[in-house]
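Let us walk through a protein model together. Keep the sequence beside the 3D view as you read.

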Amino acid sequence: MEESNEERIMEEAKVVIKDKDIKIYLIVIGILTLILWYYQPIMAILFTILFGYLIFDSIKNTRDKKKEFEKYIEGLADEFDSATRHAIFNMPFPLVILGQDSRITWYNTPFLNLVGEDEKLGEHIADIVPNIKNVDMFEEDNKYIDIKFKEKNYKIYPNFVDTKKTKNINDQIVMLYFVDDTKFENLKDRYIDEKPIVSFVYVDNYSDVRDSTPEVQKPIVMAEIDKNINSYFTERGGIVRKYENDKYLVIYNNEVFKSFEDKKFDILDNFREMNIGNTIPITLSMGISSEGRSLTHSYQEAKAAIDVALGRGGDQVVVQDGNKLDFYGGKSKAIEKRNKVKSRVIGYALRQLIDQSDKVFVMGHQNPDMDSYGAGIGILSAIKARDKMGYLVLNDINPSIKNIHEVMKEVQPELQKNIVTTEEALEEITENSLLVVVDNHKPSFTEAPILLDKIEKVVLIDHHRRGAEFIDNPVLVYLEPYASSTCELVTEVLTYMGDNLNLTKFEAEALLAGITVDTKNFSFQTGVRTFEAASTLKRAGADSTTVSRFFRDDINTFVYKAEVIKSAKVVSDIIAIGKLERDMDNSILVAAQSADELLNVSGIEASFVLTQTDDRIHISGRSLGNVSVQIILEKLGGGGHLTSAGAQVEMNMEEAEKILVEKIDEYLQEGED
């Protein structure tokens with residue numbers, strides 16, 4: 001049929017060419033006839049009659065050809081309609097036509113075989129294929145959608161057909177083509193399932209477990225640790241290679257990884273509950289790369305993930321999933337390290353960095369608290385002892401540090417010249433400057449984030465569990481989540497920076513105040529080294545009575561705290577939530593203190609207080625240790641410690657409370673699982 005159509009088109013083309021030639025001939029004859037009328041009138045009459053006949057014959061032939069061509073076009077349209085109907089009726093894949101009300105107006109046999117043998121005309125498509133709600137799911141640019149129907153995968157392609165000349169959607173029908181994509185999807189799933197996953201497994205407290213285990217049981221405990229790690233992964237098809245006493249490289253496929261993820265990495269609980277002669281619980285940390293572009297890239301990402309896990313205190317799994325980190329576990333307290341080797345190394349390294357720098361800048365986090373302020377004052381003391389110029393970057397004096405700052409201006413006013421704003425710091429920066437960040441490791445939370453871009457050498461000292469956001473490439477990191485406060489870490493570092501501590505009475509009291517506020521008067525997150533640091537500061541002249549005056553509040557603060565406690569409600573039987581619906585200068589301080597006070601209520605394990613600050617809602621979380629407020633508030637973009645954490649969200653009070661309750665429920669359900 002295709003060849004005959006081509007021949008007929010060629011014939012029509014010849015006719016069109018021939019008609020053009022005839023017109024030229026007629027014009028020439030007409031001109032000659034006019035000339036004959038001038039020279040030979042009698043012959044001109046004959047030529048005129050002939051010319052008229054030729055015109056009549058030309059018009060007649062043109063009309064006949066036109067009618068033939070119209071018949072040909074009509075026949076071609078009939079043939080096309082027949083071919084279209086044949087193609088639709090005999091289409092090898094399911095096809096269904098829907099009206100504008102999403103009801104079936106026609107379908108072919110493959111569609112009927114797919115959905116069942118019963119009559120389907122007039123039924124709503126959602127009743128037959130639940131994944132297709134209505135025709136509005138489809139766009140007119142013919143983008144397909146993927147569905148799963150009767151254990152098979154289909155790509156459904158829409159075709160919108162106008163039934164009238166208008167463009168009104170009510171005048172359209174939709175043809176849906178079901179293309180079986182099961183084989184491709186199965187191949188894709190298999191590819192994803194078989195993708196290799198690289199992970200590192202570290203025994204966090206290997207040395208402590210070994211040293212605390214009786215000699216008779218020690219070989220058994222060490223062998224059991226190795227055996228259990230190997231068997232846990234090899235039984236699931238993984239490959240385990242031990243490259244140090246407490247470090248393992250493990251490779252398995254993505255399907256196995258998903259099974260671990262579904263069980264919330266129960267290997268952590270298995271090891272924590274092991275009792276084979278060890279006197280302290282055994283904890284593991286894992287760093288995993290789930291989206292590496294290559295094995296080399298996965299190795300590097302897994303290495304970075306295990307560093308994050310250790311930086312957060314261990315006993316957890318950190319999964320590097322593209323550009324984000326997922327955390328599992330981390331509900332136990334970080335174990336205090338017994339030796340001070342790292343403190344001595346950090347102290348020596350910090351002394352060298354200060355000596356090699358022209359100027360040293362110190363900054364904490366935004367809205368600084370007593371720990372951030374005290375740690376900054378302590379580092380300033382170390383800089384002064386090395387005969388270098390140091391600056392503490394502080395833009396505002398908030399209510400949390402107002403009392404101690406006022407005391408500083410009275411007893412050690414010379415420190416005023418060392419406290420500068422961000423703008424003043426930018427004017428003092430040199431190419432050989434050093435920046436020390438204390439009590440925070442998140443760039444966006446620092447007092448002056450721009451300084452991180454201006455100063456190349458950065459030292460980090462912090463006690464918070466490491467989050468996904470972290471300062472890029474610091475030259476020195478001292479991040480110990482076991483510590484009660486940054487002031488505790490700074491005090492230890494100062495003892496190793498010189499032969500003498502060289503702290504003034506105020507500087508010692510500022511450091512002691514930071515430890516006191518973060519331990520809630522030495523009742524939380526307090527270890528042996530915390531008391532050792534406190535005794536060091538007491539020997540340097542710190543007075544506990546003076547320190548207690550730093551925390552005195554005015555009468556309004558007491559009233560506002562009472563309002564929060566009075567209006568607090570209890571959720572899940574063990575968690576109290578309060579709200580301070582006042583936008584004040586010291587609202588964050590009141591919220592934090594109110595959260596502390598709520599822990600004194602019988603049966604309460606954790607507390608959260610929400611308050612308005614600028615255009616955000618600030619959430620302060622406190623815990624007795626059985627509930628990790630850090631994990632809960634990390635889900636809202638915040639962070640902190642197991643017993644003390646905070647977060648800020650951009651929403652109103654009601655929305656913030658609702659989402660907080662949801663995250664609390666998620667946390668508690670994960671604990672039950």
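This is a predicted model: local features need pLDDT of at least 70, side-chain atom pairs count only at pLDDT 80 or more; totals for chains, interfaces and linings use all residues.

Start with Ile-35, which is partly exposed because its relative accessible area is 42%. Residues are numbered from 1 along each chain as its sequence is written, and side-chain values use heavy atoms, leaving out hydrogens and water.

Where does Ile-35 sit? It belongs to helix 1 (residues 2-39). Helices here are DSSP runs of H or I with at least four residues, strands are runs of E with at least two, and both are numbered from the N terminus.

Now go inside. The largest nonpolar core has 51 residues. A nonpolar core is a set of buried Ala, Val, Leu, Ile, Met, Phe, Trp, Tyr and Cys residues joined through side-chain atoms within 4.5 Å. Helix 12 (residues 370-385) gives the largest share of this core, 8 residues. Leu-350 is among the residues with the most contacts inside the core. Contact means heavy atoms within 4.5 Å. Not counting residues up to four places away in sequence, Leu-350 touches Ile-379, Val-436, Val-459, Ile-461, Leu-476, Val-493 and Met-497. Apart from this core lies another, of 30 residues, among them Val-201, Tyr-232, Met-286 and Val-319.

Turn to helix 10 (residues 295-311). How far apart are its end C-alpha atoms? They are 24 Å apart, which agrees with the 24 Å that its 17 residues should span at 1.5 Å a residue. The expected span is 1.5 Å times one less than the number of residues. Several residues of helix 10 are buried, including His-297, Glu-301 and Ile-306. Its buried residues pack against strand 6 (196-203), strand 9 (284-289), strand 10 (316-321), strand 11 (324-329) and strand 17 (476-479). Just after helix 10, Gly-313 takes a positive phi of about 105°.

The whole structure has 26 salt bridges. A salt bridge puts a side-chain nitrogen of Lys or Arg within 4 Å of a carboxyl oxygen of Asp or Glu. Lys-155 pairs with Asp-146, and their closest N and O atoms are 3.1 Å apart. Lys-155 is buried, at 13% relative accessible area, whereas Asp-146 is partly exposed, at 47%.

Lys-188 pairs with Glu-185, at 3.4 Å between the closest N and O atoms. Both lie in helix 5 (residues 182-193), 3 residues apart, about one turn of the helix. An α-helix has 3.6 residues a turn, so residues three or four places apart point the same way.

Arg-272 pairs with Asp-315, with the closest N and O atoms 3.0 Å apart. Arg-272 lies in helix 9 (residues 267-272) and Asp-315 in the loop between helix 10 and strand 10, so the pair ties together parts 43 residues apart in sequence. Asp-315 counts as buried, at 2% relative accessibility. Finally, salt bridges that share partners join Lys-569, Lys-579, Glu-581 and Glu-657 into one network.

Key: Buried means under 20% relative accessible area, exposed over 50%, partly exposed in between (1.4 Å probe, protein chains only).
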